[in-house]
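Please look over the model shown here and keep it open while reading. The paragraphs below are meant to be followed with the structure in view.

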Amino acid sequence: MTNQRQYKVGILGATGTVGQRFIALLAEHPFFVIHALGASARSAGKPYGKAVNWKQTKPIPSVVRELVVQECIPERFKECAIVFSGLDADVAGDIEQAFRVAELAVFSNAKNYRRDPHVPLIVPLVNTSHFSIIPQQQRLHSPPLQKGFIVTNANCSTTGVVVPLAALERAFGPIESCMITTMQAISGGGYPGVPSLDIMDNIVPYISGEEEKIEWETLKILGGLAQGDDGLKAFDMHTKQPLRISASCNRVPVIEGHTECVSVRFARRPPPSPQQVREALQNYTSEAYTIGCPSAPRHTVFVHEEVDRPQPRLDRDYQLGAGVSVGRVRQCRVLDIKFVVLANNVAIGAATSSIINAEYAVLKGIVSA
C-alpha cells in the first residue's frame, strides 16, 4: 500500500546504531520523510555525515548526509508528525517525556516506559490492539494531551519469541509454561559492545537484565486489556490463564540475529501435534500486514523444513529482517512442543518494529500529518 500523504519524521539518537538503522530503513520509505535528526550536544550543529561513525553495510543515504544534527529538544522537531527514539536508556526517559508533553507522537526503542501502566508495549506482528490505551494515556496526563503519546517496542529477544507464541495461542488457546534459551548476537549490546577478548571463541552466559525482561514483557504483550470498575483500562498480564516463563540468556559470537530455543506446554489437552503447530505458524498473519503497513512482512512466521535451519547468517535478512523464522518443530518430552526461533535483532527486534508501529498508527488515524 502506498499512502499519498507525506509525514515528516524525526529520529532521536540518530548517530547511534539503532538511530542509524532507523535512517537506513526510512530513507526510501513510501510516506515517511526524514525531516530532523537529534543527537547529543557534541554532535549538534554538524552535518550528519560528519557527526556519525556510520556502521551500516550500505552508505549513508544522501537525504541525510548534509542534514544538520539538532539537540534533542522538542522545539527543533515541532514540524514532525512522528518522532522515533533510538536513545540510550540512561537519557531516553526525560527526553521522550518532553517530546510527549510537546504534543509529539513518540515511538521508542528504549526500555524506559515499557512498564508504564498507560504506555503500550507493542510488537506490531502481535498486539496492535494495545494501541487502544493511547486515549487513556493522553487523558490521564497532566495536563491532558491532544496529540502527544509514547509507544514502546519490546526488547529484541522478547520480540522474536512472542511472535510464534502469539500464533500458537491464537490457534490452540493459552500456553501455560514456556522455557526459553537465547543465543543473542553481539549487535544487541550496541556499539562498541562486548570486547573482542570476551566474545571471540566464547559464549557469555549472562546478559544483565535480559532474562527478567523476557519473562515480564512477554506477559504484557500476550495479555489483554481489561476495564476495571473505575472505567480505566489495564494490561492484564496474561492473568486469565497464568503463563510461567523461564528464560536463560547467552551472548554468542554472531553479529546479527538472535536465536532462541523454545519449549511450550499448552493448557489444552491433548496438545497439538508438531504438524498442527507448523501449519498454525505458517498460517499466522499480522493485522499490520492485512491493513497495509508497507514494512510488515508477508510471511509473519516463515517455517523451515530443513533439519538445520534457521541459521543467523542464512536467514536473518529474509524479508529485510521484518519477519520471524522458526524451525525444528518437534515434540518435547518434558513439555509439549519445542522449536527454534530466529529474529533479526536490529530489524524486527528494534527499528523495524517501531516503524511498523508508526505505520499502523498512521493507517488507523491515530497519527495525523
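What follows goes through helix packing, a cavity and some local backbone features.

This is a predicted model, in which local features need pLDDT of at least 70 and side-chain atom pairs count only at pLDDT 80 or more, while totals for chains, interfaces and linings use all residues. Residues are numbered from 1 along each chain as its sequence is written, and side-chain values use heavy atoms, with hydrogens and water left out.

Axes are lines fitted to C-alpha atoms, for helices over the stretch in contact, and angles run from 0 to 180 degrees between N-to-C directions. On the α6 side, Pro164, Ala167, Leu168, Ala171 and Phe172 make the contact, and on the α9 side Gln276, Val277, Ala280 and Leu281 do, where contact means heavy atoms within 4.5 Å. By class, this contact of α6 with α9 has eight nonpolar residues, one polar and no charged; Ala, Val, Leu, Ile, Met, Phe, Trp, Tyr, Cys and Pro count as nonpolar, Asp, Glu, Lys and Arg as charged, and the others, Gly among them, as polar.

Helix α6 also packs with helix α8 (residues 210-222), at an angle of about 40° and with the axes 9 Å apart, and the two are therefore oblique to each other. Among the residues that meet are Val161, Val162 and Leu165 in α6 and Ile214, Ile221 and Leu222 in α8. The contact of α6 with α8 has eight nonpolar, three polar and four charged residues.

Another pair is helix α1 (residues 17-26) with helix α12 (residues 347-363), packed at about 55° with axes 10 Å apart, which makes α1 oblique to α12. Val18, Arg21, Phe22, Leu25 and Leu26 of α1 make this contact with Ala347, Ala351, Thr352, Ser354 and Ile355 of α12.

The largest cavity contains about 70 Å³ of space, a volume being the space filled by probe spheres set on the points, which are joined across faces, edges and corners. Its lining includes Phe302, Asp315, Arg316 and Tyr318, and strands β13 (324-331) and β14 (337-343) each supply at least two lining residues. The lining divides into five nonpolar, five polar and two charged residues.

Some backbone details remain. A cis peptide bond, with omega about 5°, joins Tyr191 and Pro192, and Pro192 is placed in the loop between β7 (175-184) and α7 (196-199). The peptide bond from Arg309 to Pro310 is cis, with omega near 10°, and Pro310 lies in the loop between β12 (301-303) and α11 (312-315).

Terms used
Helix = DSSP H or I, 4+ residues; strand = E, 2+ residues; numbered from the N terminus. 1 Å grid on protein atoms, 1.4 Å probe; cavity = no way out; pocket = protein on both sides within 12 Å on 5 of 7 lines; lining within 4 Å. Parallel < 35°, antiparallel > 145°, perpendicular 65-115°, else oblique.
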